[in-house]
Amino acid sequence: MNQKNKLLRSLCGFLAAIMLFTCIGVPETAEAAQLPYYIKINRQQNCVTVYALDSKGKYTKPVKSMACSTGVNKATPLGTFSIPAKYRWHQLMGGVYGQYCSRINGGVLFHSVFYNGQDPSRLAYNSYNRLGQAASHGCVRLNCADAKWIYDNCPVGTKVTIYDAADPGPLGKPNPVRIDVNSPYRGWDPTDPNPKNPWQKMKPTLKGIANKTVERSNKKINLLKGVSARDYLGKELKVKVSGSYTPSKTGKYKITYSATDSKKQKTEKSIYLTVKDTKKPSISLKKKTITLNNSMSKKDLVNKIRSYVKAVDLGKKLSASHIYVKADKLYQALKEKKYGTYKVSVYAKDAAGNKSEVLTITVKFVNPNPEPVTPTEPTTPTEPTEPTTPTEPTEPTTPTEPTVPTESTTPAEPVTPTEPTTPTEPEAAAPNV
């Protein structure tokens with residue numbers, strides 16, 4: 001009996017040894033075991049891409065990408081490995097700790113950015129802000145949410161391949177969350193799902209919102225230009241705009257922006273939109289010269305001249321009331337019937353008071369009833385005289401011989417002048433008695 005028991009125990013031990021050898025001596029690969037995911041780490045680009053199985057049972061479907069920090073000086077080894085173990089908190093080099101750790105190979109792990117102790121409020125925020133670039137001693141650092149995703153969804157045995165390439169991966173490299181180092185919450189990872197995480201109570205942030213001043217126009221204003229909203233995780237949110245305005249009408253309008261995150265936390269901010277008008281209207285003339293021949297009231301004169309002027313503002317024709325006419329001198333001439341040519345200045349003003357250039361119209365004021373000019377009687381034309389018969393040319397006369405000049409006569413002797421008579425003495429005047 002004892003021999004049978006010994007034989008039975010020996011047989012059971014042998015069978016157990018065979019089963020143990022079968023279980024641990026021939027481990028299954030991740031793909032053979034149909035594990036849900038396969039992880040690839042692009043060391044050169046500091047980017048992690050997770051693949052799922054396709055319809056043929058191959059890991060070809062990219063489902064998630066993560067920004068990471070691999071080791072400086074290529075301290076993270078290349079190759080293909082399988083996750084052998086996981087740790088909720090694990091001590092790292094230098095006496096610091098990481099959350100949600102998944103071992104890759106040897107001392108190389110996936111883990112969160114490190115903390116000074118097992119305290120989620122003591123995050124090394126400067127190292128956190130280096131996610132997306134090489135920064136570790138060899139481990140693959142992730143934000144808390146990404147490290148937890150691998151910890152929760154990628155079981156022991158999941159295959160991990162580390163390689164170098166210029167292309168970060170089929171899903172690209174996400175922009176890592178950054179922490180404001182001046183924030184009172186800087187000791188917490190914004191992605192940490194811990195219910196005590198103060199970032200989770202932080203409302204969305206709106207940026208690029210400020211009072212705006214625009215030029216009046218007929219075009220719709222892009223109120224979202226330069227505006228953005230993000231939640232506490234850095235995820236971009238949709239921005240809504242409320243409030244009415246008329247871009248073609250000057251004034252001050254209240255506009256409100258709002259954004260709501262996944263936790264229904266809402267942030268609102270209002271600004272004032274000022275529509276101004278500094279552009280002058282345009283003006284043109286239908287005629288540069290017009291003629292008037294009768295007097296009229298000043299109002300009729302102004303309206304008459306306005307009819308020859310076209311003013312446009314923002315592509316729309318301005319009414320006659322926006323056209324100004326300076327015609328005082330012409331109006332006075334019409335009253336006094338001083339006929340002649342006069343210059344009239346015209347310009348336009350829009351609703352904002354912007355003045356156009358000044359143009360000139362030439363007005364000819366003419367007499368409507370000029371005195372008729374009496375025509376003179378036309379003279380009776382004389383009968384044309386008969387042309388005279390030309391006479392025959394006479395024979396040329398023979399030239400006469402030149403006459404010889406006669407001798408000049410002898411000049412008479414000069415007359416000898418007589419001596420002047422001696423003047424007599426004047427008689428003495430008789431004295432007055």
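Colleague: Quick one to start: is Glu336 buried, partly exposed or exposed?

Modeller: Glu336 counts as partly exposed, at 38% relative accessibility. Keep in mind that this is a predicted model.

Colleague: Okay, and which residue forms a salt bridge with Glu336?

Modeller: That's Lys338, and the closest N and O atoms of the pair are 3.0 Å apart. Lys338 counts as partly exposed too, at 48% relative accessibility.

Colleague: How many salt bridges does the count come to?

Modeller: Eight. One of them is between the side chains of Asp146 and Lys64, at 3.9 Å from N to O. That pair links distant parts of the chain, with Asp146 in helix α3 (residues 144-153) and Lys64 in strand β3 (residues 59-67), 82 residues apart.

Colleague: Why does Asp146 count as buried?

Modeller: Because its relative accessible area is 10%, and buried means under 20%. Lys64 is partly exposed, with 24%.

Colleague: What about Asp328, which side chain does it meet in a salt bridge?

Modeller: Asp328 meets Lys298, at 2.8 Å from N to O. This pair also links distant parts of the chain: Asp328 sits in helix α5 (residues 328-336) and Lys298 in helix α4 (residues 298-306), 30 residues apart. Asp328 is exposed, with a relative accessible area of 52%, while Lys298 is partly exposed at 40%.

Colleague: Switching to strands. What's the order in the open sheet of three strands?

Modeller: The order is β17-β19-β20, with antiparallel pairing. β17 (282-285) and β20 (316-317) stand at the edges with a single partner strand each, so one side of each has no neighbour in the sheet.

Colleague: How many bridges pair β19 with β20?

Modeller: Two, with β19 covering residues 309-313. Asp313 stands opposite Lys316 in β20. Asp313 is also in that salt-bridge network with Arg216 and Asp277.

Colleague: And the hairpin of β5 and β6, which residue takes a positive phi there?

Modeller: Gly94, with phi near 90 degrees; the hairpin has five residues between the strands. Strands β5 (residues 86-91) and β6 (residues 97-105) run antiparallel and are joined by five bridges. For example, His90 has Gly98 in β6 as its bridge partner.

How values were computed. Residues numbered from 1 in each chain as written. Predicted model: local features only at pLDDT ≥ 70, side-chain atom pairs only at ≥ 80, totals over all residues. Heavy atoms only, no water. Pairing = 2+ DSSP bridges. Helix = DSSP H or I, 4+ residues; strand = E, 2+ residues; numbered from the N terminus. Salt bridge = Lys/Arg side-chain N within 4 Å of Asp/Glu carboxyl O. Buried < 20%, exposed > 50% of the residue type's maximum accessible area, 1.4 Å probe, protein only.
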